[in-house]
Amino acid sequence: MDDLMPWGRGNLVTREGAGGGGDSPEPAPTEAAVRNLPFYHAPVLLAEVVAMLQPAPGKLFFDGTLGGGGHSEALLQHGARVVAMDQDQNALKHAKERLKPYAAQFCALRGNFRNFPQIVEETGVSGFDGMLVDIGVSSHQLDDAARGFSFMRDGPLDLRMDTESSRTAADLVNTEDEAELMRIFFEYGEEPNARRIARAIVKARMTGPIRTTFQLADIVSVAAPKRSKRHPATLVFQALRIAVNDELAALHDFLAAAPRWLKPGGRLAVISFHSLEDRIVKQTLQHLAAPFIDRPEWPEARKNPDCVLKLVTRKPIQATPQEIELNPRSRSAVLRVAERLPV
Ligand SMILES: C[S@@+](CC[C@H](N)C(=O)[O-])C[C@H]1O[C@@H](n2cnc3c(N)ncnc32)[C@H](O)[C@@H]1O
């Protein structure tokens with residue numbers, strides 16, 4: 001772990017401390033633009049996240065998916081302090097460079113956000129005014145052929161966000177049996193041709209291992225030819241990415257731990273990009289915000305011991321047509337926000 005709390009423990013805001021708030025001015029041009037850093041990732045729903053989290057001097061935020069640093073930068077520009085994490089070493093390196101001007105307010109840690117309590121605890125922080133995760137991959141990860149995230153670029157079949165984790169997509173595709181591959185494509189990709197594709201992969205690998213993104217994309221395209229505007233390998237790559245990075249379980253773990261790290265009135269904001277993730281976010285937040293639970297077998301509703309939040313967004317926030325035009329990737333982004341109840 002690097003760069004522990006640059007502002008020193010004496011200044012840490014704990015569960016009791018807060019302050020600031022109110023309407024925020026429009027963010028200035030980003031530091032990255034001013035300093036001409038290479039494009040990495042355009043943050044989605046940026047204005048909406050800022051409006052929901054209300055960053056201000058004296059407030060402390062957690063950004064569990066630092067990526068290119070766009071959301072963190074907006075929080076820092078409003079005078080807040082940020083503890084950020086990413087499991088991708090390359091993202092950390094880039095974002096630290098970008099956010100150098102805010103070094104006194106910012107600390108970046110390497111790790112999976114599912115383990116944030118253990119990692120953040122070591123910094124001495126015990127509570128946040130707001131927490132954000134913007135899950136999924138960054139544009140940089142997608143564009144870098146060497147990372148193997150995209151079937152549009154030929155590269156090794158990797159798909160790991162953490163390049164030090166042990167299992168790549170190639171390992172999975174070349175070793176799992178047909179039933180397991182089918183389960184992955186069906187459960188994580190909701191791929192209607194999961195069975196046919198799994199069978200084609202097992203057949204293809206008999207003649208030699210499947211090593212590249214193009215090899216796999218070709219196998220899928222032959223097994224399940226294009227029937228819509230979408231490339232036939234879209235859902236297979238989504239499913240493999242979710243499996244390789246254990247993304248749904250990481251999200252579950254994060255959501256289970258995060259609310260107790262929020263100060264009273266602190267907000268949790270989650271941006272997701274597909275229905276599998278959004279379903280988990282929606283159901284978990286609904287459960288954590290339900291004062292009572294009722295089950296058919298119970299004579300009456302019971303108090304929910306897990307109720308620590310109230311929902312801020314009953315309906316998810318989505319990108320405006322203007323944002324979608326500028327950044328088509330924002331089309332599928334969904335933001336949900338909940339607030340910690342007073343203790
Ligand atoms: C969509 S990008 C975030 C973009 C960022 N909000 C910005 O403004 O540039 C997602 C980032 O989160 C990271 N990530 C995804 N899942 C993670 C996890 N479980 N733990 C830590 N980092 C994760 C990825 O490596 C990637 O860099």
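**Helix α8 and beyond**

Mentor: Just after helix α8, Glu190 takes a positive phi of about 50°. Helices (H or I, at least four residues) and strands (E, at least two) are DSSP runs, numbered from the N terminus. Residues are numbered from 1 along each chain as its sequence is written. The model is predicted: local features need pLDDT of at least 70, side-chain atom pairs count only at pLDDT 80 or more, and totals for chains, interfaces and linings use all residues.

Trainee: Which residues of α8 are buried?
Mentor: Leu181, Met182, Ile184, Phe185, Tyr188 and Gly189. Buried means that 20 or more other C-beta atoms, placed from the backbone, lie within 10 Å of the residue's own.

Trainee: And what do they pack against?
Mentor: The buried residues of α8 pack against α9 (194–204), α11 (234–244) and α13 (275–288). Contact here means C-beta atoms, placed from the backbone, within 7 Å.

Trainee: Switching to strands. Why is β4 called largely enclosed?
Mentor: Seven of the seven residues of β4 (residues 128–134) are buried, so the rest of the structure largely encloses this strand.

Trainee: Which strand pairs with β4 over six bridges?
Mentor: That is β5 (residues 262–272), in the parallel sense. Met131 stands opposite Leu268 in β5. Strands count as paired if DSSP finds at least two bridges between them.

Trainee: What about β1?
Mentor: Strand β1 (residues 60–63) pairs with β4 in the parallel sense too, over three bridges. Asp63 stands opposite Leu132 in β4.

Trainee: Now the core. Which residues have the most contacts inside the largest nonpolar one?
Mentor: Phe61, Met131 and Ala269, in a core of 57 residues. β5 gives the most to this core, with five residues. Apart from it lies another core, of 32 residues, among them Met182, Ile201, Ala233 and Ala239. A nonpolar core is a set of buried Ala, Val, Leu, Ile, Met, Phe, Trp, Tyr and Cys residues joined through C-beta atoms within 7 Å.

Trainee: What does Ala269 touch?
Mentor: Leaving aside neighbours within four places in sequence, Ala269 is in contact with Val49, Met52, Leu53, Gly130, Leu132, Leu335 and Val337.

Trainee: Last topic: how many residues surround the ligand?
Mentor: 24, and the closest are Pro43, Thr65, Gly67, Gly68 and Gly70. The elements giving two or more residues to this shell are α3 (70–77) and β2 (81–86).

Notes:
A residue is buried if 20 or more other C-beta atoms lie within 10 Å of its own, exposed if 12 or fewer, and partly exposed in between; C-beta atoms are placed from the backbone. A residue is near a molecule or strand if its C-beta atom, placed from the backbone, lies within 6 Å of it. Two residues are in contact if their C-beta atoms, placed from the backbone, lie within 7 Å.
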